[in-house]
Amino acid sequence: MALDHIRKFLVSSLLMTATVTASAETFVFTAIPDEDETKLVERFRGVADYLSEELDAEVRYIPVKSYAAAVSAFRNNQVQLAWFGGLSGVQARRLVPGSEAIAQGVEDEAFETYFIANTSTGIEPADDFASLEDQLRDKTFTFGSKGSTSGRLMPEFYIRDTFGDAPEDVFSRVGFSGNHTRTLRLVEAGTYQVGALNFQVWQKELGDGNIDTDAVEVIWKTPAYPDYQWTIRGDVDERFGDGFKDRVKQALLNLDDPALLESFPRSGFIPASNDDYEPIRKTAEEIGILD
Amino acid sequence: MFSYPTVRTSLAFLAIAVVGLAFADIAITAANPWRDLGNFFLGVITPNFFSSEGLLTALLRTVAFAFVGVALGSFFGFFLALVYRAWPVRIFCAFIRAIHELFWALIFLQFFGFHPLTGVLAIAIPYSGIFAKVYSEILDEADPEPGRLLPPGTGRIAAFLYARIPDCWAQMRTYTAYRLECGLRSSAILGFVGLPTLGFYLEASFSQGLYSDAGAMLILFYVLIATIPLWVRPKLLPVYVLGAPFFLGEGLPIVWGNVERFFTEDIIPSPLKDGEGLSGLMSWAGDLMVEQALPGIWNTVVLTQVALVATGILALLMFPLISKHFGGPVRRTSGHVFLVVARSTPEYILAYILLQLWGPSMLPAVIALALHNGAIIGHLIGRQTNGIRLRPDAVTGFGRYSWELVPRIYRSFLAFLFYRWEIIMRETAILGILGIYTLGFYVDSAIQNIQFDKAMVLILITAGLNIGIDALGRYIRSKLALQTMPTC
């Protein structure tokens, strides 16, 4: 009887390796999970359909659970294109020699982080971050994801730069909400008193009437910095045919479906290059996120 | 009473927990925790079963990963059990089971990516270590008499198969079936790191406050676990085990170069890669210890000790819910339902829910760990009290509880509790991924920063801590002469 079972196990483990099927010629892309999942799936399925039509190839979007998972999938060549944030893009391009930033949103040239506070804190909005020091000290504070540019890197940079202390020393409690929508909800509900998020998410949610402005308000806006971009692996031409990279780039730059653009939300895509993200790399090295 | 070693040990652990509590960060930081909890329960009683097209597929995948993972685990565990006497095997098994399924998944994700193998191995590897240990314990306790009665010259394999296995078969089968239930829980939470199981959708619905969707998923999961005796039949098992590999989903193809890169580059400490030599390595390791490992270890130990004692207290409070010495059938049935729900919900999911509702601190983690583990132990000792026959004129009510039952089950209660000590610590470490500053938090941060060298060192430290606690737990159990049967 035991032997019988052993045989079954053996057969099953053999079969398992057989399920490893190749879908080599599907062009796969991913995106950092910076917002609510349903929104991302809706948005990027639209992009997949669009690219599939433009490139005349099978295009598939896979959702991931963390920024690092997006970077790893890109590095491991399980996805060939990704919608990264500034920081995740820098990380990914460092790990994959030959990969290139090919397009960014019109808004990504000058992106911003908004610091928001629950109104019960009584913090008054200011133009000068330093003047908020007394009011911010010992409040509870949440970043977005650990790997986020607008939700972690830039706010941490300005906190350290302005107050001369690590976030843990400025605030009584520091958390990582996971994504921008979540940061907004947590500060709105008062779970955290202060938070920092992507300004596009704030403006879109505000425009859609999803923010209780009696409960939460913007208290400070960072100076502009470069953020999101489409990054593609350097070896796609070998795999999908000559000129494939340029066709992907052109397809992204030509994207003008208002509904699709609105879902990002971006007004359009413009060319980008790796050098555009040098400031992000320097900032990340300065606060020790990059070695 | 204080002269009893069991009482003294209990009080010592209670004291440690009270001191730990003074250092622990326990606070409800949400502004409206009870309103959110109310909304959540409202969601559970108004479940929306048609929320996600992927829900049924996710359930199917959850079952498939559990079957394949547990089958492979028990297969390899069985062979490891045969050579479990050897020291290297023992150490190897202790090591692989000291690393939580989620950590294994995070490691495999780095080079297998979203391939089914990631989820299968994440379950199969630690389960092999657990199966090896438990199977070998079961085999050791087999009655040696049938073996001695065999005619001289009987081959070792024949003797093993005909004299040893039959005596252990029932116990091994029961334990394997029980592990399958654990496998379903493990499989479900793998979704939280991106595998296509239930946790994937649960996390998505929860983080968006779609409580009715999340409620539906939880209810389906409870039904799945509660109906195991109905759908897991010995005759159907081969069908499941053979069929499961076909339902793991396709994932993405493995690129084997990534595996090599992971082991030859990614996990090599960065100062060695950059040629900074031994001094560079020392300062790298020193920084890692001071800034991440030590705070992580401290928080992990504090949370574990508090959660252990909370588990004990809850178990003692909950066992009367299903004991036939108290209340009638209505009370007992609802008690059963409550305990089944509490122990079927993985700690990770309970902690996730409470963290979302109450804000981040150790409190949600303590309550999640205590509810889940307390319900398991409460269930076991509650069942045990049903075998106790009291005198017809025995006292009733609180007197019966404190003078008749608790003293009779206290030793096995402690045995279960110390058995679960290591399990609680394994879970405590992993809860860091949710934002509590235990070792898992630093592991997750290192992975988010793509610093796998740091992540691996921290995972090894976590494993070492677990092995230490496991040994200490075994030492205390043998000191107090406590015996137990394994639970997951």
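A residue is called buried if 20 or more other C-beta atoms lie within 10 Å of its own, exposed if 12 or fewer do, and partly exposed in between, with C-beta atoms placed from the backbone. The model is predicted, and local features need pLDDT of at least 70, side-chain atom pairs count only at pLDDT 80 or more, while totals for chains, interfaces and linings use all residues. Residues are numbered from 1 along each chain as its sequence is written, and chains are lettered from A and ligands numbered from 1 in the order in which they are written.

Q: Why is Ser148(A) called buried?
A: Ser148(A) has 32 C-beta neighbours inside 10 Å. The definition asks for 20 or more, so the residue counts as buried.

Q: Where does Ser148(A) lie, and what is it in contact with?
A: Ser148(A) is in the loop between strand E6 (140-143) and helix H6 (149-163) of chain A. Helices (H or I, at least four residues) and strands (E, at least two) are DSSP runs, numbered from the N terminus. Two residues are in contact if their C-beta atoms, placed from the backbone, lie within 7 Å. Leaving aside neighbours within four places in sequence, Ser148(A) touches Asp34(A), Tyr67(A), Gly85(A) and Leu153(A) in this sense.

Q: Why is Asp56(A) called exposed?
A: Asp56(A) has 9 other C-beta atoms within 10 Å. The limit for exposed is 12 or fewer, so the word applies. Asp56(A) lies in the loop between helix H2 (37-55) and strand E2 (59-61) of chain A.

Q: Why is Asn77(A) called partly exposed?
A: Asn77(A) has 19 C-beta neighbours inside 10 Å. Asn77(A) is in the loop between helix H3 (67-75) and strand E3 (81-84) of chain A.

Q: What makes the backbone of Asp56(A) and Asn77(A) worth a remark?
A: Most residues other than glycine have a negative phi, and most peptide bonds are trans. Phi of Asp56(A) is near 55°, and phi of Asn77(A) is about 65°. Both values are positive, and neither residue is a glycine.

Q: Which peptide bond in chain A is cis, and what is its omega?
A: The bond joining Phe264(A) and Pro265(A) is cis, with omega about -15°. Pro265(A) is in the loop between helix H12 (258-263) and strand E11 (269-271) of chain A.

Q: Which residues of H8(B) are buried, and what covers them?
A: The buried residues include Tyr175(B), Thr176(B), Arg179(B), Leu180(B) and Gly183(B). Their cover includes helix H3 (55-82), helix H5 (101-111) and helix H6 (116-140) of chain B.

Q: What makes chain A a chain of two domains?
A: Domain bounds come from an automatic or database domain assignment. For chain A this gives domain 1 (26-109 + 227-276) and domain 2 (112-221). Their centres, taken over C-alpha atoms, are 28 Å apart. The contact takes 13 residues from each of these two domains.

Q: How is chain B divided, and which helix gives the most to the domain 1 side of the contact?
A: Chain B has domain 1 (1-31 + 271-488) and domain 2 (53-266), with centres 22 Å apart. In contact are 24 residues of domain 1 and 25 residues of domain 2. H21(B) gives the most to the side of domain 1 that touches domain 2, with six residues.

Q: How many residues does each chain bring to the contact between chains A and B, and how does the chain B side divide by class?
A: Chain B brings 44 residues and chain A brings 47. H3(B) gives the most to the chain B side, with four residues. Ala, Val, Leu, Ile, Met, Phe, Trp, Tyr, Cys and Pro count as nonpolar, Asp, Glu, Lys and Arg as charged, and the others, Gly among them, as polar. On that basis the chain B side has 29 nonpolar, 14 polar and one charged.
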